[in-house]
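Here is a friendly walk through one protein, in questions and answers. Have the sequence and the 3D view open as you read.

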Amino acid sequence: MTATRQRPVRPLSSATDLTDLTDFTHSTLEADSDPQSDDFGDLESETASLTPSIWDYVHQHGRTYHRYMAGAYPFPNDHLENERLDMQHVIIKALFAQKNWFAPLKRPKRILDIGCGTGKWCMEMAKEFPKTRVEGIDLSPIQPDVTPANVDFFIDDIRRKEWWHCTQPYDYIHTRMSLGIFEDFREIIQKGYNNLEPGGHMESHEIYSKLYCDDGTMPPDFELLEWTRLQDKAAMTLGKPLRIANKLKTWYEQAGFVDVKEETVAIPINTWPRDARFKLLGKFMLWNMHAGVHAWTVEYFTKALQWTDVEVQVYLAHLRNAMADRSVHAYYKVWIVHGRKPHPNEPQSQAIKPPHWPKEPGLDDESMHDTE
């Protein structure tokens, strides 16, 4: 059964203006001259037609997965993964110098988080903007039962054709870490554009799955580099590409956004950097990767590469050791992209949509996303 979204309506008044954001994304990572040192310094609702079956999770690979629209999201939703998602939010916020957004928001009345996960970002935005209605949608009911009065969580699938046009537009739409989930993330961006008020903003935060190294310390046979290639191959085989971060700016402009901004920031895989802040971020990132690599691997490798669960477990045991190798100065890049929907009376985006741009299905079309 498809979940029916009946969105609560509440009169909203203006929220407080935001201060300007400081650019911090051009820091350079420098390796620690003492690879044994780990001195970090002083751093420190309302929903109808939802049946109980959505809590009857799918069990496979020793994990649990969402029941509603089963199979759409390739990663688990169990306690271990939810704990990792909460830690991931902490890591990203620390990487972003405690910022939750970069778009120039002013007085947002309605905010949407696509793929809200455990709801941490929504809860913090609701506290930041107490007069703003914050909504989060996800396939799993893993959000807290007790929330601020201005937060609502919905079990819903952004792929449904109804999301091409909603009855109540938003002022700000947010996505984060959507790699490897959607067949075509351009559809999500276009739906975001369609569902914004003129002048509203959309923003995406995405890690790029490519492993970077600037000083030649990463050998060609580095285990994590091999895993990255295998994961990318598996994701492409399943039709859910991982490498979307570096394409976001182009896709935003093709969807119709203007004033599109793009920034990148590096995050190390472990504690190899000299800088205390990045050393601490590397420590958190290593924990996150150790905790998450099984979730990011098992569904992809068993389905696309025909590995067994046991083969995955043995492979990951060696991989986790490689992740902690501080002699390899590897890092990932995280993309920050946001854009604004123009008003009708101002210049529109000059980017041309390619012929294969995702299109809204006709009223008589059958949609693969409409049934459970």
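Q: How many helices and strands does the protein have?
A: A word first on what you are looking at: this is a predicted model. Its secondary structure divides into helices and strands, and the tally is 7 helices and 9 strands.

Q: What percentage of the residues in the protein is buried?
A: A residue counts as buried when its relative accessible area is under 20%. The protein has 372 residues, and the buried share of them is 55%.

Q: What is the accessible surface of the protein, in Å²?
A: Carbon and sulfur atoms account for 52% of the accessible surface.

Q: Which residue's side chain joins that of Asn77 in a polar contact?
A: Start with the place of Asn77, which is the loop between β2 (63-65) and α1 (79-95). Asn77 has 4% relative accessibility and so counts as buried. Its side chain reaches the backbone nitrogen of Tyr65 at 3.5 Å. The side-chain partner, at 2.8 Å, is Thr64.

Q: Is Met69 buried or exposed?
A: Met69 sits in the loop between β2 and α1, and its phi is near 55 degrees, a positive value in a residue other than glycine. For the accessibility call, the cut-off is under 20% relative accessible area. Met69 has a relative accessible area of 6%, so the answer is buried.

Q: What is the phi of His61 near, in degrees?
A: Most residues other than glycine have a negative phi. His61, in the loop between β1 (58-60) and β2, is a residue other than glycine with a positive value. The phi of His61 is near 60 degrees.

Q: How far apart in space are Gln190 and Lys359, C-alpha to C-alpha?
A: Gln190 belongs to helix α3 (residues 185-194), and its relative accessible area of 7% makes it buried. In sequence, Gln190 and Lys359 are separated by 169 residues. In space, their C-alpha atoms are 8.8 Å apart.

Q: How many residues apart in sequence are Asn195 and Thr167?
A: You will find Asn195 in the loop between α3 and β7 (196-213). With a relative accessible area of 2%, Asn195 is buried. The C-alpha atoms of Asn195 and Thr167 are 8.4 Å apart in space, while in sequence the two residues are apart by 28 residues.

Q: How many salt bridges does the count come to?
A: Side chains of opposite charge can pair when their charged atoms come close. The cut-off used here is a side-chain nitrogen of Lys or Arg within 4 Å of a carboxyl oxygen of Asp or Glu. By this rule, the number of salt bridges is 16.

Q: Which residue meets Asp157 in a salt bridge?
A: Both partners in this pair are buried. The N to O distance between their side chains is 2.7 Å. The partner of Asp157 is Arg159.

Q: Why does the salt bridge of Asp259 tie together parts that are apart in sequence, and by how many residues?
A: Asp259 pairs with Arg340, with 2.8 Å between the closest N and O atoms. Asp259 lies in strand β8 (residues 258-268) and Arg340 in strand β9 (residues 330-340), so the parts they tie together are apart in sequence by 81 residues.

Q: Which residues do salt bridges that share partners join into one network?
A: One of the pairs is Glu162 with Arg160, at 3.1 Å from N to O. Glu162 is partly exposed at 35% relative accessibility, whereas Arg160 is buried at a relative accessible area of 7%. Through shared partners, the network is made up of Asp156, Arg160 and Glu162.

Q: Which residues form a negative surface patch?
A: Take Glu226 as a way in: it is found in helix α4 (residues 223-237). At 39% relative accessibility, Glu226 counts as partly exposed, and patches are made of residues with over 30% relative accessible area and no salt bridge. The residues that form the negative patch are Asp221, Glu223, Glu226 and Asp325.

Terms used:
Residues are numbered from 1 along each chain as its sequence is written. This is a predicted model: local features need pLDDT of at least 70, side-chain atom pairs count only at pLDDT 80 or more; totals for chains, interfaces and linings use all residues. Side-chain values use heavy atoms; hydrogens and water are left out. Patches are made of residues with over 30% relative accessible area and no salt bridge: like charges are joined within 9 Å, nonpolar side chains (Val, Leu, Ile, Met, Phe, Trp, Tyr) within 5 Å. Accessible areas come from the Shrake-Rupley method with a 1.4 Å probe; for residues, only the protein chains shown count as cover. Lys and Arg count as positive and Asp and Glu as negative; His and the chain ends are not counted. The place of a charge is taken as NZ of Lys, CZ of Arg, CG of Asp or CD of Glu. Helices (H or I, at least four residues) and strands (E, at least two) are DSSP runs, numbered from the N terminus. Buried means under 20% relative accessible area, exposed over 50%, partly exposed in between (1.4 Å probe, protein chains only). A polar contact is a pair of N or O atoms within 3.5 Å; within protein, one must be able to donate a hydrogen and the other to accept it, and residues adjacent in sequence count only if both atoms are side-chain atoms.
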